[in-house]
Amino acid sequence: MATFMSACESCGACCAFFRVDFSIYELQSLGGTVPDELAEEFNGNHARMCGTNAMPRRCDALAGTIGKQVGCSIYESRSTPCREFPEASEGCARARLSYGLAPLNNPFDALFGTTPAIDSWPTTL
Ligand code: SF4
Ligand code: SF4
């Protein structure tokens, strides 16, 4: 059986486009999984991944080169918003466009990660 590579492994755009907020109860110090040193307090109830608060935005846990090869250094411990962010969604498309990457607009793109970078795509929607 063939092994398909997720488009995310050659993207990473959403990890350097959105603020990443999650419940403080997902922090290791409060019984969760996210390392405290990679997050900062956002308000009394939520923490924010370091690196996603200011521009240029890039989560401190993101390793690699956006649009080429990336990985999440805390993949098994990442927060719920990271786990639930939908590949090939509108948000995914917005993040990809901001880095000159074409949206994933069909199931083959999502499965094979073959969508080419298109320099002429607009960078804002
Ligand atoms: S922007 Fe989309 S394709 Fe890129 S890493 Fe995020 S979910 Fe995956
Ligand atoms: S914790 Fe991992 S999946 Fe979540 S934004 Fe950072 S690099 Fe991306």
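Analyst: A residue is called buried if 20 or more other C-beta atoms lie within 10 Å of its own, exposed if 12 or fewer do, and partly exposed in between, with C-beta atoms placed from the backbone. The model is predicted, so local features need pLDDT of at least 70 and side-chain atom pairs count only at pLDDT 80 or more, whereas totals for chains, interfaces and linings use all residues. Residues are numbered from 1 along each chain as its sequence is written, and chains are lettered from A and ligands numbered from 1 in the order in which they are written.

Helices (H or I, at least four residues) and strands (E, at least two) are DSSP runs, numbered from the N terminus. In helix 2, which covers residues 90-98, the buried residues are Cys92, Ala95 and Arg96. These residues lie on the same side of helix 2, because they cover an arc of only 100° around the axis, the arc being that of the directions from the helix axis to the C-beta atoms. After helix 2 comes Gly100, which has a positive phi, near 75°.

Turning to the strands, where two of them pair if DSSP finds at least two bridges between them, there is an open sheet of 3 strands in the order 1-3-2, with antiparallel pairing. Strand 1 (21-23) and strand 2 (39-41) stand at the edges with a single partner strand each, so one side of each has no neighbour in the sheet. Strand 1 is joined by 3 bridges to strand 3 (residues 46-49), and the two run antiparallel; the bridge partner of Asp21 in strand 3 is Arg48.
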